[in-house]
Amino acid sequence: MPEKLQARKEVSPPNENIVITDPNRPWWERYQPISYKLCTRSGNEDEFREMVTRCNNVGVRIYVDAVVNHMCGSGGGSGTHSTCGSYFNAGTRDFPAVPYSGWDFNDGKCQTGSGEIENYGDMYQVRDCRLSGLLDLALEKDYVRSEVAEYMNHLIDIGVAGFRIDAAKHMWPGDIKAFLDKLKDLNTQWFSAGTRPFIYQEVIDLGGEPITGSDYFGNGRVTEFKYGAKLGTVIRKWNGEKMAYLKNWGEGWGFVPSDRALVFVDNHDNQRGHGAGGASILTFWDARLYKMAVGFMLAHPYGFTRVMSSFRWPRYFVDGQDVNDWVGPPSNSDGSTKSVTINADTTCGNDWVCEHRWRQIRNMVVFRNVVDGQAFSNWWDNGSNQVAFGRGNKGFIVFNNDDW
């Protein structure tokens, strides 16, 4: 698939999730499914359909963040405190709106006393036990695989182009393959016949664990979390790192092969200190350095690139930790997500950051499209933090991250 960045958009999980009020409506409630009905704080199924249709009609492809490893947390209680009002009982593993029952979870398969992942050095725990208390689905069962595939096929029918598989590291690669094999080709209203959905899998592999990104290559691309962590360290000039060292960026830094990698400077997890990467991760809060990092990513040929688009939250640090990292998106009084307003200068309002609209990042998307398929060439550096390189005969870029 040729990479045309200006025409792709990943969206938050569109399926029904638990409503959490302590803390009040955190961003991560979207990652605690209750059913596969399409209604969230972002809107209902009719609104989702209208968005996908409108986007496809102007060439913007929609990719869904698919949360299919688990349902809500084991402490989620019971009732109808969910975005569609569906009843559930986390304690008895009863999710009738799917339906899932106690038979459909890995409680009996997990070999830890707590039922939680206790040791990331044990691949069986990582894949068969609960991640942060989230009820782990038994994806070895054909029934569960079929329910997951039915949900994803419904989205394909609506017109989505592919999926980010959330928490793929916590599923067996063969189980993922089994439900992906059940997926339809993309909707021929917008895609040529026989086009398969584009798949990329969230696999946090920083090294030192038995589960690696390469385990998942057979199913699609994988998220290369080392990319943003290392690039942030270089751009920040930590640990003696210099931009001159980026000459062999990519596989030379121990990353997965370029044709398997989905890369990014930051994502919704690690821009808040969650997930992977630690303090080196650059975000919109570090605007100047962030533009340089995203510019380098978009200019360099390694990997399939993803640009983040964020919202602001009121950061509040205690002992170096942002205690407001849970805060959800800009919201109306009823809890629904606020619309993105566009300012006269084309930036966003309502506390939406819209990094993809920043002039430098927007222009670098154009650069990447122009140089698509061109070789990395003519590297130059000053031995420190001034570097330059070409992309065939189509583009050339210079970075100055020295203090002069």
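The model is predicted, so local features are described only where pLDDT is at least 70, side-chain atom pairs count only at pLDDT 80 or more, and totals for chains, interfaces and linings use all residues. Residues are numbered from 1 along each chain as its sequence is written, and side-chain values use heavy atoms, with hydrogens and water left out.

Let's start inside. In soluble globular proteins, nonpolar side chains tend to be buried together. A nonpolar core here is a set of buried Ala, Val, Leu, Ile, Met, Phe, Trp, Tyr and Cys residues joined through side-chain atoms within 4.5 Å. Buried means under 20% relative accessible area, exposed means over 50%, and partly exposed is in between, using a 1.4 Å probe and protein chains only. The largest nonpolar core has 103 residues, and Phe95, Tyr100, Phe163 and Phe179 are those with the most contacts inside it. Another core, of seven residues, lies apart from the largest one, and Phe311, Cys348, Trp352 and Cys354 are among its members.

Now follow the backbone. Helices (H or I, at least four residues) and strands (E, at least two) are DSSP runs, numbered from the N terminus. Most residues other than glycine have a negative phi, and most peptide bonds are trans. Where can you look for exceptions? A cis peptide bond joins Asp22 and Pro23, with omega about 0°. Pro23 sits in the loop between strand S1 (8–11) and helix H1 (45–57). Val98 and Pro99 are also linked by a cis bond, with omega near 0°, and Pro99 belongs to the loop between strand S5 (88–89) and helix H2 (123–128).

Arg25, in the loop between S1 and H1, has a positive phi near 55°. Because its relative accessibility is 14%, Arg25 counts as buried. Asp351 has a positive phi near 70° and lies in the loop between strand S13 (321–322) and helix H7 (359–371). At 45% relative accessibility, Asp351 counts as partly exposed.

Finally, look at the charges. Side chains of opposite charge can pair when their charged atoms come close. In a salt bridge, a side-chain nitrogen of Lys or Arg is within 4 Å of a carboxyl oxygen of Asp or Glu. How many does a search of the whole structure find? It finds 22 salt bridges.

One of them pairs Lys109 with Asp128, at 3.7 Å from N to O. Lys109 is in the loop between S5 and H2 while Asp128 is in helix H2, so this bridge ties together parts 19 residues apart in sequence. Lys109 is partly exposed at 30%, whereas Asp128 is buried at 6%.

Lys169 and Glu209 also meet in a salt bridge, at 2.7 Å from N to O. Lys169 lies in the loop between strand S7 (162–165) and helix H4 (173–180), and Glu209 in the loop between strand S8 (198–201) and strand S9 (221–223), so the pair connects parts that are 40 residues apart in sequence. Lys169 is buried, with a relative accessible area of 5%.

Asp286 forms a salt bridge with Arg236, their closest N and O atoms being 3.3 Å apart. To finish, find Asp65, Arg164, Asp166 and Glu202: salt bridges that share partners join these residues into one network.
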